[in-house]
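Colleague: I want to read this model feature by feature. Please give me the criterion first, then the case.

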Amino acid sequence: MLIVRSLSTEPAFNLAAEEYLFRNFSDDVFFLYINSPAVVVGKHQNAMAEINPWFVNENKVQVIRRLSGGGAVYHDLGNLNFSFHQTVADTAMVSFKKFNQPIVEVLAQMGIDAEIGKRNDIFVDGYKVSGHAEHVFRNRVMSHGTLLFNADRKSLSLAIKNPSFENFKGKAIQSVRSKVANIVDFLQVPVSIDQFISKIESHMFGTVINSKKYSFTENDVREIENLSAEKYSTWNWNFGYSPNYRFEKSTSTKFGKVDVVLSVEKGIIVDCSILLNGVQTYETITIQQLLLQCPYNIEQISVKYLKLEDKIFELEVFLSCIF
């Protein structure tokens, strides 16, 4: 098994590295990485429905879509991410629970009694400390997860909860919320995240035969950076890959009731209806024309809206109606 640790904290690079290792290596791989603040959504999720767009924009939290399914998770410098990659004879016979067992064993060494749940998440005293997702391609399997070591739980709760979640209609996979806790909350003896990483690496070296450390070559880094630029840093992947959806919302403003219906395909608004007190006005028709073919994104819509000459709503009121 190759033990690989990323020296980067750039989310797009690390998720690209994960895919690169998965698709280009035949060896078994154990990969560790830490990301700067980001919301990582599952492959089949509606990214906009899973994030709080106000918090994400204001705090410059990146939104990245990963290769695997499952729900949205929050990453920051207090969160450790791990993934196992393995080539198998029959993917149907793989038990993904086994991949999380080494993590449970390390936690036990640290005096923490953890258990693996039904969806292969890891729990301590009923609190989730590790989410899990998986991906299969031909005879290659990947099992990966988060480890909430000392994450900012306030930012976590704010970043991955859209206040307008119920207004999104579609077939996207929805996240299942759980009570979460940090691993440091259960430690009797303080441990830094670097020490935690060292304990995990030592355990893997000590229990997996023929394990060896692997560092990315210059060619690896070049290929990963290309994948990051072409896929994981793009709107088309992170938002445009979302299943088609409708956004329906009614908002009371000082001008009256505003009813909004947006149809979004590949992250782009393809149809919209805006009514003010039940009717269309010159201003609402102008706004509809502005929104058509625009990415469903606060920053880009704000720029276009501010250029309008005839605006009935202040920008903040307008955005509160359509997000």
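Modeller: Ground rules come first. This is a predicted model, in which local features need pLDDT of at least 70, side-chain atom pairs count only at pLDDT 80 or more, and totals for chains, interfaces and linings use all residues. Residues are numbered from 1 along each chain as its sequence is written, and side-chain values use heavy atoms, with hydrogens and water left out.

Colleague: In what order do the six strands of the open sheet lie?

Modeller: Strands of a sheet pair through backbone hydrogen bonds, either parallel or antiparallel. The criterion for a pair is at least two DSSP bridges between two strands. Strands (E, at least two residues) and helices (H or I, at least four) are DSSP runs, numbered from the N terminus. Here the order is E10-E11-E6-E2-E1-E13, with mixed pairing. Strands E10 (132-137) and E13 (212-214) are the edges, each pairing on one side only. On average, neighbouring strands are turned by 20° against each other, direction ignored.

Colleague: How many bridges join E6 to E11?

Modeller: Nine bridges join E6 (residues 79-87) to E11 (residues 140-148), and the two run antiparallel. Within E11, serine 143 is the bridge partner of phenylalanine 84.

Colleague: Which strands does helix H1 touch?

Modeller: Contact means heavy atoms within 4.5 Å. Axes are lines fitted to C-alpha atoms, for helices over the stretch in contact; angles run from 0 to 180 degrees between N-to-C directions. Helix H1 (residues 11-24) packs on the sheet and touches E2 (29-34), E6, E10 and E11. The direction of H1 makes about 175° with that of E2. Helix H4 (residues 97-109) also packs on the sheet, touching E6, E10 and E11, and its direction makes about 135° with that of E6.

Colleague: Now the rings. How many aromatic pairs does a search of the whole structure find?

Modeller: Rings of Phe, Tyr and Trp (its six-membered ring) pair if their centres lie within 6.5 Å; planes under 30 degrees apart are stacked, over 60 edge-to-face, the rest tilted. The search finds 21 pairs. One of them, tyrosine 20 with phenylalanine 25, is edge-to-face at 5.9 Å centre to centre and 70° between the planes. Tyrosine 296 and phenylalanine 323 are stacked, at 4.5 Å and 10°. That pair links parts 27 residues apart: the loop between H9 (282-291) and H10 (298-306), and the segment after H11 (315-322).

Colleague: Is tyrosine 296 buried or exposed?

Modeller: Buried means under 20% relative accessible area, exposed over 50%, partly exposed in between (1.4 Å probe, protein chains only). Tyrosine 296 has 0% relative accessibility, so it counts as buried. Phenylalanine 323, at 3%, is buried too.

Colleague: Last topic: charges. Which residue forms a salt bridge with aspartate 194?

Modeller: Side chains of opposite charge can pair when their charged atoms come close. The cut-off is a side-chain nitrogen of Lys or Arg within 4 Å of a carboxyl oxygen of Asp or Glu. The structure holds nine salt bridges. Aspartate 194 pairs with arginine 5, the closest N and O atoms being 3.3 Å apart. Aspartate 194 lies in H6 (residues 193-207) and arginine 5 in E1 (residues 2-5), 189 residues apart. Aspartate 194 is partly exposed at 45%, and arginine 5 is partly exposed at 35%.

Colleague: Which residues are linked in a network of salt bridges?

Modeller: Glu19, Arg23 and Lys231 form that network.
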